[in-house]
Amino acid sequence: SNAPTIRLVSSKQAPKLTRTVGLTWHLWLSHIWSTGQDACATIKTQLQLLLPNVKIFLDVDDLEDIGMLVEYIQRSQVVVVFLSRGYFRSWNCLREVRAAIEMGKPLILVQEADPHKGGGTLQELRAECPEDCRPTSLTGTGR
């Protein structure tokens, strides 16, 4: 097929995506609905086009029980935090990021910079972040 895909430089083959036993998803997309829903849907769609076998958790597609957020995080390999205005004021977003930090999940930060889409500077968005949710990836220093 001529569809664009991600390929390894060393082998020219698509990467073999693996998950640790007991994990359901490669990625969990954590976002606040009001300013991150559309962007995260696009991220999921684009990654699935580039990596056809990737399993990505997105609430509108996969959430069956909001009370199971922590279990869903536990069943995910990596957590992508889509950081936009209001993220750290959302009780559920805080539950997700705190669970990911507590479980030692790798965190990938994706910042919405466009103020018209709920974005801001990293400094502005970081200012909303509670102290206990400030791992190295958000502050540039230790917790």
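Student: Is R89 buried or exposed?

Tutor: The model under discussion is predicted. Exposed residues are those over 50% relative accessible area. R89 has a relative accessible area of 59%, so R89 is classed as exposed.

Student: With which residue does R89 form a salt bridge?

Tutor: Side chains of opposite charge can pair when their charged atoms come close. For R89, the closest N and O atoms of the pair are 3.1 Å apart, and the cut-off is 4 Å. The partner in this salt bridge is E128.

Student: How many residues apart in sequence are the parts that R89 and E128 tie together?

Tutor: R89 belongs to the loop between β3 and α4. E128 belongs to the loop between α5 (122–127) and α6 (136–139). The pair therefore ties together parts whose separation in sequence is 39 residues.

Student: Is K44 buried or exposed?

Tutor: The limit for a buried residue is under 20% relative accessible area. K44 has a relative accessible area of 7%, so K44 is buried.

Student: What is the distance between the closest N and O atoms in the salt bridge of E71 with R75?

Tutor: E71 is partly exposed, at 36% relative accessibility. R75 is also partly exposed, at 24%. Their salt bridge has its closest N and O atoms separated by 3.3 Å.

Student: Which residues does S76 touch, leaving out those up to four places away in sequence?

Tutor: S76 lies in strand β3 (residues 76–83). Its relative accessibility is 0%, so S76 counts as buried. With sequence neighbours up to four places away left out, the contacts of S76 are L23, W25, W28 and K105.

Student: How many residues of the lining of the largest pocket are nonpolar?

Tutor: The largest pocket holds about 190 Å³ of space and is lined by 15 residues. Both β1 (25–30) and α4 (91–103) supply at least two residues of that lining. Of the lining residues, 4 are polar and 2 charged, while the nonpolar ones number 9.

Student: Which residues lie nearest the centre of the largest pocket?

Tutor: Rolling a probe the size of a water molecule over the atoms shows where empty space is left. Among the 15 residues lining the largest pocket, those nearest its centre are H31, W33, D59, N92 and E96.

Terms used. Residues numbered from 1 in each chain as written. Predicted model: local features only at pLDDT ≥ 70, side-chain atom pairs only at ≥ 80, totals over all residues. Heavy atoms only, no water. Helix = DSSP H or I, 4+ residues; strand = E, 2+ residues; numbered from the N terminus. Buried < 20%, exposed > 50% of the residue type's maximum accessible area, 1.4 Å probe, protein only. Contact = heavy atoms within 4.5 Å. 1 Å grid on protein atoms, 1.4 Å probe; cavity = no way out; pocket = protein on both sides within 12 Å on 5 of 7 lines; lining within 4 Å. Points joined across faces, edges and corners; volume = space filled by probe spheres on them. Nonpolar A, V, L, I, M, F, W, Y, C, P; charged D, E, K, R; others polar. Salt bridge = Lys/Arg side-chain N within 4 Å of Asp/Glu carboxyl O.
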